[in-house]
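Here is a short tour of a protein chain, written for someone new to reading structures. Keep the 3D view open and click along as you go.

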Amino acid sequence: MAGNEVRLFVEDLEQPAGGGGGSGGGGASATELRIRTFDDFKSKILELEQEEKSPSTSKLQCPKVPPRLRSNVEDTNVYYEPQVMSFGPYHHGKPNLLAGETLKLKLAAAYFRIHKLSKDEIYGTISGDIDALKQCYNPESTGKYTNEELSVMLLVDGCALLHYILRVCLCGCFSHDEHGIRYQDLSRIHQDALLLENQIPYRILHQLVEKILPLNAYWRVILLEFFGMTDESTFSELLQEESFLMRKMKNYSCSPIIQFNNTEKESKPCHHLLDLYRTNFLGDERSINPTHLKTVACQGSVTDVKYQVMASLIRNVKELMAAGIHIKRSPTRYLRDISFTSNGITACLRLPPITIDSSTETLFLNLIAYEMSSKVSHDFISYLRFLDSLIDHADDVKELQSAGVLQNCLGTHEKVAEFFNTVSSNLESNFHAYKDVRVKIWKHLKSHYNNRHKMWITQCLHTYFGSPWTIIALVVATLALFFTGVQTYVAVFRP
């Protein structure tokens, strides 16, 4: 090596299609960069920083499923590709989705007809922003279309999707023959709308909604209804006065419109419907509390790392219950709403309720793919990893269902346990997610197993007060002994 020359070997991750580009024989997989001077070093660092900031290397708002995840799933077209209707450029024009193209045209036409909107105006809005919208997708997919073709595609897809959402949520559902939608396709369209590779930028929907739905609070309620996340706490009282919005929505609904009291500040902009679903699924960032912030601030300490490593080894539900930890349902459905309290002898782990059915695996795999391919934190993956640590066998699923935490609509308990043990395997979670809960559980288990008296008390409570039947049996046995003693006393000492 000559003089002060420094050689860096950088892995060549992006080779030209066809495998060419390597000099000489053997197709070297590394590119040699020579940095001879300090100025060369500074210029190379600046070049790398500019590459990271460029749109071509930044994370896309509407990415594709990472190849790594596709290789781990046997039937990728079932979990990652639309079955009825495509939205966006990734699966547009596929032969099996041609019927969906006709259906989208009918839905888009109904959107314009009902609201009497100008097609030219809406097309102008989308086409005027087409350069920014193209940056949301993989360039290889958008490069196949001209700006006009892509603008028309997003116009039809956005209007069709919006009309479908409003029609389903405000009218209950489609009639059997309306727009030619078959009854069995309704759930598939719902599922298609939440696939990662089937998203359109959320700002398109927001622009279309503003044309017909001026109040953001109504739109949020409609989306929560579409996601299946509404309950009694979501709504407030009915509107007393018939407003312009009420008269406009009568075109869709024959039932009263309900207003949502949105007292919270507008949240940060979302990228698409799947991103919005994830945000509402996770809920507020409850794990970011003062205690958590303190621990994160000192995360480099040896003690902190030791606690995190030990706390990551959480026992399954049956073992937690044997250590005096009761499983109860959290007051909200948000996945971040996980808490743990202990009184020294017994403890309570609260988990949000969740339903597992035939569509859950598709939804979960696409949420995982979104977190793995974007800049968002791995909070959903962290939740799955946390639940996976609690579930080892069918008995764990049974206990969670008995506690009202898990509703099994998938099949046997063994099938649900296998689902959680495989869906998030080999995935990287957020190391600090649910850290406070994990540490508290670990400290409770350590205190429990290091104190023989606590183990005896816990075993006694679990044996004799673990269920209503054991309590009733204990009370009956105690009363029987009491009356037997009274009877014996009377018989011996009767005057």
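## Before we start

A helix axis here is a line fitted to C-alpha atoms, over the stretch in contact, and the angle between two axes runs from 0 to 180 degrees between N-to-C directions. Helices (H or I, at least four residues) and strands (E, at least two) are DSSP runs, numbered from the N terminus.

This is a predicted model, where local features need pLDDT of at least 70 and side-chain atom pairs count only at pLDDT 80 or more, while totals for chains, interfaces and linings use all residues. Residues are numbered from 1 along each chain as its sequence is written, and side-chain values use heavy atoms, with hydrogens and water left out.

## The whole chain

The protein chain has 23 helices and 7 strands. Of its 495 residues, 41% are buried; that means under 20% relative accessible area, with exposed being over 50% and partly exposed in between (1.4 Å probe, protein chains only).

Now for contacts, meaning heavy atoms within 4.5 Å. Take those with a separation of 6 or more: 71% of them link residues 24 or more positions apart. The accessible surface is about 27,900 Å², and carbon and sulfur atoms own 55% of that. Such areas come from the Shrake-Rupley method with a 1.4 Å probe; for residues, only the protein chains shown count as cover.

## Helix H4

H4 covers residues 98-115, and its 18 residues should span 26 Å at 1.5 Å a residue. The expected span is 1.5 Å times one less than the number of residues. The end C-alpha atoms are 27 Å apart, so the two values agree.

Which residues of H4 are buried? Among them are Leu103, Leu107, Ala110 and Tyr111. An α-helix has 3.6 residues a turn, so residues three or four places apart point the same way.

## Helices H13 and H17

H13 (273-282) and H17 (residues 360-373) have axes that come within 11 Å and cross at roughly 100°. That makes H13 roughly perpendicular to H17, a label for angles of 65 to 115 degrees (under 35 is roughly parallel, over 145 roughly antiparallel, and the rest oblique). Where they meet, H13 brings residues including Leu274, Tyr277 and Phe281, and H17 brings residues including Leu363, Phe364 and Tyr370.

Asparagine 280 sits in H13 and counts as buried because its relative accessible area is 11%. Its side chain has a polar atom 2.9 Å from the backbone oxygen of leucine 276. Leaving aside neighbours within four places in sequence, asparagine 280 touches Arg220, Leu224, Met229, Arg333 and Tyr334.

## Histidine 272

Beyond the neighbours within four places in sequence, histidine 272 contacts residues including Gln61, Cys62 and Tyr370.

## Glutamate 399

Glutamate 399 is part of helix H19 (residues 394-402). With 21% relative accessibility, glutamate 399 counts as partly exposed.

What does glutamate 399 touch, not counting residues up to four places away in sequence? The list is Val317, Lys318 and Met321. With lysine 318, there is a side-chain polar contact of 3.4 Å; a polar contact is a pair of N or O atoms within 3.5 Å, and within protein one must be able to donate a hydrogen and the other to accept it, with residues adjacent in sequence counting only if both atoms are side-chain atoms. The C-alpha atoms of glutamate 399 and valine 317 are 7.3 Å apart, though 82 residues separate them along the chain.
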